[in-house]
Amino acid sequence: MLPVSPGGGLPRLRPLRGVCGAGVRVEARTSGGFLWDGGSWLWKFQSSAKLISSRIMAGKVKWVTDIEKSVLINNFEKRGWVQVTENEDWNFYWMSVQTIRNVFSVETGYRLSDDQIVNHFPNHYELTRKDLMVKNIKRYRKELEKEGSPLAEKDENGKYLYLDFVPVTYMLPADYNLFVEEFRKSPSSTWIMKPCGKAQGKGIFLINKLSQIKKWSRDSKTSSFVSQSTKEAYVISLYINNPLLIGGRKFDLRLYVLVSTYRPLRCYMYKLGFCRFCTVKYTPSTSELDNMFVHLTNVAIQKHGEDYNHIHGGKWTVNNLRLYLESTRGKEVTSKLFDEIHWIIVQSLKAVAPVMNNDKHCFECYGYDIIIDDKLKPWLIEVNASPSLTSSTANDRILKYNLINDTLNIAVPNGEIPDCKWNKSPPKEVLGNYEILYDEELAQGDGADRELRSRPGQSLGPKGGRSRDSGRTVLTTWK
Amino acid sequence: MLQEESDLSLVIAQIVQKLKGSSLYAQLERQAWASLQRPEIKLESLKEDIKEYFKISGWEKKLQNAVYSELSVFPSPSHPAAPPEHLKEPLVYMRKAQGSWEKRILKSLNSMCTELSIPLARKRPVGEQKELLNKWNEMGTDEPDLSLFRPVYAPKDFLEKEFFVELGLTTGQLGIDDSTQVPPELFENEHVRIGQKVLAEQDSAAAQQYIRQGSPTALRAELWALILNISSQPEDILYYEQLKTNVIQHDLLVDSLIYKDVKLTASNDDYYFVFEDYLYQVLLCFSRDTSVLGHFAYNSASPPKSYIRGKLGLEEYAVFYPPNGVIPFHGFSMYVAPLCFLYHEPSKLYQIFREMYVRFFFRLHSISSHPSGIVSLCLLFETLLQTYLPQLFYHLREIGAQPLRISFKWMVRAFSGYLATDQLLLLWDRILGYNSLEILAVLAAAVFAFRAVNLMEVTSLAAAEAVLADLSTLKVMPLLQIFLFATVT
């Protein structure tokens, strides 16, 4: 039962793959050809190819993507999904952030139907833009403080005990004067300037003198940019100049978090995160402030350094990190560190949940960037809406392929045509390398249903005596 | 009975002699003097009181640990009239083999030296010293031109000697006295508790016994230090600094070999690339450490000798080269790399590595009849395979894929760089626990047993190598258990 010929030259369909999928019958016709698209037999002939083929294709998920990456496309194809263009009827669209903006914008805005799913929330930028993330977290903290929640407890210096996980940040030019005040308090500190709307380390630089950012001052006569349009906006954060070093090198953590719904909050953490190391030895010396290879861990930057290695790509698995920390620092502090990391991710999501457009057609896979300082405290640096799907090494490719695979298994159950009205509660077996990070419904339900991941030893978080209203994460044994 | 007693007193005398030269002796003396101030020490019962004091204050334990440490490398009792070479290696043909092996290495090293006209050693000019001192912590960024250097030898060169394996040496004993157990989940908490207790007691022998069942990750660094009897005293740190100074002041040819080795192996390894700079710091100092020469008393190998320029053959001008007598080979840095996961303080890392080397690793590249020597390991491996997997053994030999060709490199490196780090550390736990390297041969055989089905289907050496190319997903302890206990009827 082999296909006759690829006749008709339809793009992106490959003849001859695998075994015939579930029950699609075709009648034989004399003119035309059978094509195998990896999921079903397609009958095509010249005149009414599209009509006939879509009848037979009924039942197959139709996908579109703006991002032509093999880790995505291979995953779609292996499920027997069919590629279409954005003008046709589609079920699944892996969009770039530009597209999502258009899809949901007030002018063009279109209505998604029940069988359409997209990979971004309409206003994801509340979390993924550096300035908005900080704004939302600050607002969240103030709210908790107002309602007297124990989460918002502060220490004797006025620092939040449990919610101080973002380095001191100001928007420029809006908060310029506030920033100057803070800067003068500790004039020897270093600050990092980041453009709000860019990624991959573009446009980032370090400063340690006010003169270096003169042009962001609001009353500066020489200010070359006049408008405070969001494109030119920067955030300036206190630079963490005491990062935890391993082998004398600085690194950051990249963790993947999948959110299927914000209200109720349901999120998953990918177990296989990784550490990205700088190729050059870290030094806090001021002479090296300009050397981005020392300070920025983005692979996009490190890849161009002389010492970049294409075998390991300067990356370590999170498990290696765990082994190293447990061996050199002990089990309790390591468990505490990882608990805190989970905590700050959940808190950041809770902070934006109220303002997030919880559109039921959406899910999103974020790339969280976290830095650990030498006191083993994790800091949230930023959240990426479009984590890179480029692979820098063979291991990388496998990881990203599996990431997308597990993500699709959760977001599009059984690989079938989605119905956005479903309860978004996948069975345990499909999670793959994801584990439940926080499930608001479960947390607020009866304790009996809760999935607690068992942990040997006690987790000594500073989170004693938490009240039930705050909801508990299912990933740790915080009490 | 009398003979035994006099043997024992000889051993005691030798150990006492050895310990008298150590800093522990000086410390004990000082402590004894200081204790005279204490109220409980009375003149009438001076001896007993001091002994009692030592027991309570933990000094007796320290002495015990030191004695135990000496015993672990003590050569087996031999005839009193035996010459010193005999202690190093009792079998004549073994000595001969090691002798010719050494000649070969030296020839290779000397010819490289003359070809490249680089001195074996030279004093660094002051400017260079300063520069090196400045970048001591980041030698990884150095890019010296190493293209002309070749490693003096690699494990595969060594393999050609394997025909000795057929000569009747020790027959394969399973070599593992007690049963090994994988700590199951329920066992873990109790095991950790016991581990902490062992550490609190600071007892080397107990630690060694304990670690046969594996070490919890958090306790491993301390347990290994206890078993190897390493405590970071100020004089140890000073000694390390002294070695560092030697590195800064003098440049040795072997340094380039070390650089090349690290760049070729550890820098490309998924787990160890992070620690590249530590490896230089440890290995460069190691080559200058003359205290390592002490291990040649029980090593069948002898340190190569070199002569001051122009004084060839004149014994008064002979020096050992390199100063520690150990010429590094391709892959040598992989002995150090896994230790970087446990110790992040350079001088402690250094001490641990040095001790591991003079207790275990040296046996993996010298020819001797010792049961932990590489020759015995090869024999053990082949015997195990032949006994328990005869079909596989003969099949592989028939297709020209002699099993030892594949497993040799694993054993010489003690599996470093082949296994995932957490598994490797579990394996090395057992090396320490049993004070023997035989487990390497057993694991090698167990790996073959595990992949036997696939191996039976291959038809060439290349295909067999492919089946066994990736060990990074293996779990060591279940593999060993299955092999050891599921196959014995």
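This is a predicted model: local features need pLDDT of at least 70, side-chain atom pairs count only at pLDDT 80 or more; totals for chains, interfaces and linings use all residues.
One interface lies within chain B, between domain 2 and domain 3, where the buried area is about 2,200 Å². The other is formed by chain A and chain B, and there the buried area is about 2,100 Å².

**Domains of chain B**

- The domain assignment divides chain B into domain 1 (1–72), domain 2 (93–150 + 232–363) and domain 3 (364–486).
- Taken over C-alpha atoms, the centres of domain 2 and domain 3 of chain B are separated by 28 Å.

**Where domain 2 meets domain 3 in chain B**

- In this contact, 27 residues of domain 2 of chain B meet 26 residues of domain 3 of chain B, and carbon and sulfur atoms give 65% of the buried area of about 2,200 Å².
- On the side of domain 2 of chain B, the residues that lose the most area to domain 3 are B:M94, B:F360 and B:R363, which together make up 32% of what that side buries.
- The count of salt bridges between domain 2 and domain 3 of chain B is zero, whereas twelve residue pairs are in polar contact across this interface, both residues being at pLDDT 80 or more.
- Two or more residues of the domain 2 side come from each of α6 (92–116) and α15 (346–359) of chain B, and α6(B) gives the most, with four residues.
- By class, the side of domain 2 of chain B that touches domain 3 has 19 nonpolar, six polar and two charged residues.

**B:S372**

- B:S372 is placed in the loop between α15 and α16 (374–388) of chain B, and this residue counts as buried because its relative accessibility is 4%, the cut-off being under 20%.
- The side chain of B:S372 reaches the backbone nitrogen of B:L437 at 2.8 Å.
- Leaving aside residues up to four places away in sequence, B:S372 touches B:R363, B:L377, B:S436, B:L437 and B:E438.

**Where chain A meets chain B**

- The contact between the chains takes 22 residues from chain A and 26 residues from chain B, and carbon and sulfur atoms give 57% of the area buried between them.
- The count between chain A and chain B is one salt bridge, which A:R249 forms with B:E276, the closest N and O atoms being 3.9 Å apart.
- Four residue pairs are in polar contact between the two chains, both residues being at pLDDT 80 or more.
- On the side of chain A that touches chain B, β15 (315–317) and α9 (318–329) of chain A each supply at least two residues, and the largest share, six residues, comes from α9(A).
- By class, that side of chain A has six nonpolar, ten polar and six charged residues.

Notes: Residues are numbered from 1 along each chain as its sequence is written. Chains are lettered from A and ligands numbered from 1 in the order in which they are written. Side-chain values use heavy atoms; hydrogens and water are left out. Domain bounds come from an automatic or database domain assignment. Contact means heavy atoms within 4.5 Å. Buried area is the accessible area (1.4 Å probe) that two parts lose on being put together, summed over both. A salt bridge is a side-chain nitrogen of Lys or Arg within 4 Å of a carboxyl oxygen of Asp or Glu. A polar contact is a pair of N or O atoms within 3.5 Å; within protein, one must be able to donate a hydrogen and the other to accept it, and residues adjacent in sequence count only if both atoms are side-chain atoms. Ala, Val, Leu, Ile, Met, Phe, Trp, Tyr, Cys and Pro count as nonpolar, Asp, Glu, Lys and Arg as charged, and the others, Gly among them, as polar. Buried means under 20% relative accessible area, exposed over 50%, partly exposed in between (1.4 Å probe, protein chains only).
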